[in-house]
Amino acid sequence: MTDSPRSPSSSGGADNDSENRRPAHDEPHTAGVSSRLNWLRAGVLGANDGIVSVAGLVVGVAALSPDRGPILTAGVAGLVAGAVSMALGEYVSVSTQRDTERALLEKERRELEQTPGAELDELTSMYQARGLSEETAHKVAEELTAHDAFAAHVDIELGIDPDELTNPISAALSSAISFTVGALLPLIAILAPPTGARIPVTFVAVLLALALTGAVSARLGGANPRRAVVRVVLGGALAMIITYAVGQLLGVAGV
């Protein structure tokens, strides 16, 4: 008696089903990706601030005096002051956010210890509000509570991951570094060329850099790159034109 041939569908189909059921561990978690994109976008915007701030400063000084000394002094002072200001502002802002998140987490922990039944009902109602039936929502709430009640509640109620609270020091350093990187471009652009070409070269270099940062920030934020580029380039150009005019007026006034 010969063995009957195995049907391709019986073997291949089983293999395919097994592959389809295999968990996709390589897929990135949405929250983590979103957080990283927000940090990257903040870095791009910080660099954009550095470009515009120092570009306006050095162009205004260059319009008043062609000497490298005053331009370098003003540019470096603007770079340092801007980086420190950005870092301090970010540190205070993120520290306040972190303190608020910690207070909310501690409040949730106390409520779970004092009124666990009410918290279970609250979790159930939240899953019902998301479309689950009362029976299913209650079952999900019970299982999540049994596994890790605190994590289950802070996730759906607060949207906070206790293990990934933002570090204010890291945020401050990131902000200062991004501002410094952006500020170096106009500073180099105005000091490197000959005297007569300094301002035109700076204008071109700054507007190209702003177009790049505008496009990148728009794509990271899911916005229209063309509109973002136009806005940021026009804003940067206007800032440099105004400071150049101020420098010219002060030069005419003999300051």
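**Briefing: an all-helix predicted model**

Thr243 lies in helix 8. This is a predicted model. The chain holds 8 helices and 0 strands. Of its 255 residues, 32% count as buried. The points below cover the fold, the annotated spans, the nonpolar core, selected residues and the charged groups.

**Fold and contacts**
- Read from the N terminus, the elements run α-α-α-α-α-α-α-α.
- Take the contacts between residues at least 6 apart in sequence: 74% of them join residues at least 24 apart.

**Annotated spans**
- An unreviewed UniProt entry carries the annotation "transmembrane region" for residues 44-65, 71-92, 171-191, 197-216 and 228-247.
- In the model, residues 44-65 are 95% helix and 0% strand. The end C-alpha atoms of residues 44-65 are 31 Å apart.
- Residues 171-191 are 100% helix and 0% strand. Their end C-alpha atoms also lie 31 Å apart.

**Nonpolar core**
- The largest nonpolar core has 27 residues. The residues with the most contacts inside this core are Val58, Ile71, Ile190, Val206, Leu210 and Met240.
- Five helices each supply at least two residues of this core: helix 2 (30-64), helix 3 (68-114), helix 6 (168-191), helix 7 (198-221) and helix 8 (225-252).
- Met240 touches Ala55, Gly56, Val59, Phe203, Val206 and Leu207, with residues up to four places away in sequence not counted.

- Beyond its neighbours within four places in sequence, Thr243 is in contact with Gly56, Val59 and Gly60. Gly56 and Val59 are also among the residues touched by Met240.
- Thr243 and Ala62 are 181 residues apart in sequence. Their C-alpha atoms are 9.7 Å apart in space.

**Asn48 in helix 2**
- Asn48 is found in helix 2.
- Its relative accessible area is 13%, so Asn48 is buried.
- Asn48 touches Leu210, Thr213 and Val232, not counting residues up to four places away in sequence. Leu210 is one of the core residues with the most contacts.

**His138 in helix 5**
- His138 is found in helix 5.
- At 30% relative accessibility, His138 counts as partly exposed.
- Leaving aside neighbours within four places in sequence, His138 is in contact with Leu120 and Thr124.
- His138 and Asp121 are 17 residues apart along the chain, and their C-alpha atoms are separated by 7.8 Å.

**Charged groups and rings**
- Side chains of opposite charge can pair when their charged atoms come close.
- The count here comes to 1 salt bridge.
- Lys139 forms a salt bridge with Glu143. The closest N and O atoms of this pair are 3.2 Å apart, and the cut-off for a salt bridge is 4 Å.
- Both partners, Lys139 and Glu143, lie in helix 5 (residues 134-158). They sit 4 residues apart, about one turn of the helix.
- Glu143 has a relative accessible area of 48%, so Glu143 is partly exposed; exposed would need a value over 50%.
- The charged end of Arg109 sits over the ring of Phe150, 4.0 Å from the centre of that ring.
- The structure holds 0 aromatic pairs.

Conventions
Residues are numbered from 1 along each chain as its sequence is written. This is a predicted model: local features need pLDDT of at least 70, side-chain atom pairs count only at pLDDT 80 or more; totals for chains, interfaces and linings use all residues. Side-chain values use heavy atoms; hydrogens and water are left out. UniProt positions are given in the numbering used here, feature names are shortened, and annotations may be inferred rather than shown by experiment. A nonpolar core is a set of buried Ala, Val, Leu, Ile, Met, Phe, Trp, Tyr and Cys residues joined through side-chain atoms within 4.5 Å. Buried means under 20% relative accessible area, exposed over 50%, partly exposed in between (1.4 Å probe, protein chains only). Contact means heavy atoms within 4.5 Å. Rings of Phe, Tyr and Trp (its six-membered ring) pair if their centres lie within 6.5 Å; planes under 30 degrees apart count as stacked, over 60 as edge-to-face and the rest as tilted. A charge sits over a ring if NZ of Lys or CZ of Arg is within 6 Å of the ring centre and within 35 degrees of the ring normal. A salt bridge is a side-chain nitrogen of Lys or Arg within 4 Å of a carboxyl oxygen of Asp or Glu.
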